[in-house]
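Visitor: I would like to learn how to read a residue and its surroundings. Please show me.

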Amino acid sequence: MIWIFFVFIGTFSAPSGERGTGIGVPFELPGDGEEGDYIIHKGIELVTVSYVVRHYTDGSTPNYPSSTYVLADDFTMTDEAAALYIPMPRSLFTGQILLNGEAIESIPYGDGEVLELFTND
């Protein structure tokens with residue numbers, strides 16, 4: 001199952017001159033895996049996880065900060081998604097992000113760039 005969230009930010013003027021009540025920014029959460037983990041195929045899914053973890057406060061299930069996320073074989077981190085990613089504070093994220101069965105702290109992208117997944121805040 002894929003969940004899509006929309007965040008509405010202020011107001012905007014449409015090209016036609018009509019005034020709207022907000023703009024929708026799509027976020028994608030990863031799909032469920034076979035053993036209760038989440039499978040991430042796209043960089044934007046990882047970006048969404050980082051945002052959800054940083055703002056998760058209600059204690060409802062699923063418990064995103066303590067979940068396991070598996071980067072799928074076809075996972076790619078684009079430059080665009082990397083620019084949107086905000087590292088998760090290690091104090092908030094008690095789960096794991098796995099690549100090839102190993103817990104990781106960073107991932108390569110672009111032309112030799114490295115994206116740090118966590119901060120020590």
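Guide: Start with contacts, meaning heavy atoms within 4.5 Å. Leaving aside neighbours within four places in sequence, Ser50 is in contact with Tyr85, Ile86 and Met88. This is a predicted model: local features need pLDDT of at least 70, side-chain atom pairs count only at pLDDT 80 or more, and totals for chains, interfaces and linings use all residues. Numbering runs from 1 along each chain as its sequence is written, and side-chain values use heavy atoms, without hydrogens and water.

Visitor: Is Ser50 buried or exposed?

Guide: Buried means under 20% relative accessible area (1.4 Å probe, protein chains only). Ser50 counts as buried because its relative accessibility is 0%. Its side chain reaches the backbone oxygen of Val47 at 2.7 Å.

Visitor: Which helix does Ser50 lie in?

Guide: Helices are DSSP runs of H or I, at least four residues; strands are runs of E, at least two; both are numbered from the N terminus. Ser50 lies in helix 1, residues 43-55. Other buried residues of this helix include Leu46, Val49 and Val53.

Visitor: Which residues have the most contacts inside the largest nonpolar core?

Guide: A nonpolar core is a set of buried Ala, Val, Leu, Ile, Met, Phe, Trp, Tyr and Cys residues joined through side-chain atoms within 4.5 Å. The largest has 24 residues; Leu46, Tyr69, Met77, Met88, Ile97, Ile107 and Leu117 have the most contacts inside it. Helix 1 gives the most to this core, five residues. Beyond four places in sequence, Ile107 touches residues including Leu46, Met77 and Leu117.

How values were computed. Buried means under 20% relative accessible area, exposed over 50%, partly exposed in between (1.4 Å probe, protein chains only). A polar contact is a pair of N or O atoms within 3.5 Å; within protein, one must be able to donate a hydrogen and the other to accept it, and residues adjacent in sequence count only if both atoms are side-chain atoms.
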